[in-house]
Amino acid sequence: MELLIGDKRYSSWSLRAALAMALAEVPYRERLIRLGQPDTHQRILECSPSGKVPVLLTEAGRIWDSLAIAEYLAESFPEAHLWSRGEYARAVARSICAEMHSGFAALRTHLPMDLQHDAPLKRVPDEAKTDIQRICTLWTECRASFGQDGPFLFGHASLADAFYAPVASRLRCYRIDLPPVAAAYVDTIYQWPAFQRWLQDALEESEA
């Protein structure tokens with residue numbers, strides 16, 4: 001398989017797909033298309049009908065959108081337990097991933113992912129604060145209800161963590177003050193080897 005991604009420094013959706021691939025422990029090739037270039041859109045369109053990254057190229061065909069990639073991997077490699085164990089836990093995990101996938105617009109707008117950034121905002125808009133509070137609540141509830149067997153949202157590393165890792169990076173890169181449970185979870189993400197590998201590559205990326 002081949003995973004088409006954007007810049008590791010900026011592309012949060014590419015990071016989610018890459019972490020899902022790491023959870024599945026499946027070998028694949030990575031193809032980077034630099035974002036913001038004159039030919040970026042055309043190059044992505046050659047593989048992705050949506051014109052966006054990530055897209056996973058498989059023997060059966062292409063899969064675009066990070067959530068679809070995650071579900072494909074979960075179905076293809078059930079022994080990897082990409083979703084949390086337990087029917088209700090999986091339902092909650094899918095709920096919070098769907099909320100991440102479709103929501104938190106203020107966070108995305110005012111705290112865009114930039115893994116080389118390391119400075120606080122002069123002012124965090126109220127709507128972004130509301131998103132951050134909601135995220136901290138989600139993390140706290142998941143840790144309390146499902147996190148007894150490990151430091152991730154549902155104990156072991158899962159797709160829920162793949163989807164919230166870019167959020168954790170935003171909160172770290174913009175030095176957002178967090179309650180203890182959320183701060184500890186951000187530390188967990190930064191200690192995750194799969195995330196560390198991506199982060200190291202992102203820190204070494206130069207402007208295109």
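**Aromatic pairs and buried residues in a predicted model**

At 0% relative accessibility, Tyr164 is a buried residue (buried means under 20% relative accessible area, exposed over 50% and partly exposed in between, with a 1.4 Å probe and protein chains only). Welcome to a predicted model, in which local features need pLDDT of at least 70, side-chain atom pairs count only at pLDDT 80 or more, and totals for chains, interfaces and linings use all residues. Residues are numbered from 1 along each chain as its sequence is written, and side-chain values use heavy atoms, with hydrogens and water left out.

**Overall build**

- The chain has nine helices and four strands (DSSP runs numbered from the N terminus: helices are H or I with at least four residues, strands are E with at least two).
- Starting at the N terminus, the order of elements is β-α-β-α-β-β-α-α-α-α-α-α-α.
- The C-alpha trace spans about 45 × 45 × 25 Å along its principal axes.
- Of the 208 residues in the chain, 49% are buried.
- Among contacts with a separation of 6 or more, 70% come from residues 24 or more positions apart (contact means heavy atoms within 4.5 Å).

**Aromatic rings**

- Searching the whole structure turns up six aromatic pairs (rings of Phe, Tyr and Trp, the last by its six-membered ring, pair if their centres lie within 6.5 Å; planes under 30 degrees apart are stacked, over 60 edge-to-face and the rest tilted).
- One of them joins Trp139 and Tyr164 edge-to-face, at 6.3 Å centre to centre with 80° between the planes.
- This pair links distant parts of the chain, with Trp139 in helix H6 (residues 126-146) and Tyr164 in helix H7 (residues 159-173), 25 residues apart.
- Trp139 is buried too, its relative accessible area being 1%.
- Tyr190 and Phe195 make another edge-to-face pair, 4.8 Å centre to centre and 65° between the planes; both residues are buried.
- Tyr88, Phe146 and Phe154 come together in one aromatic cluster.

**Charges over rings**

- Arg172 lies over the face of Tyr190, 4.4 Å from the ring centre (a charge sits over a ring if NZ of Lys or CZ of Arg is within 6 Å of the ring centre and within 35 degrees of the ring normal).
- Lys8 lies over the face of Trp198, 5.0 Å from the ring centre.

**Cysteines**

- The structure holds zero disulfides (a disulfide is a pair of cysteine sulfur atoms within 2.5 Å).
- For Cys173, the nearest cysteine sulfur is that of Cys136, 16 Å away.
- Cys173 is buried at a relative accessible area of 6%, and Cys47 is buried at 10% relative accessibility.
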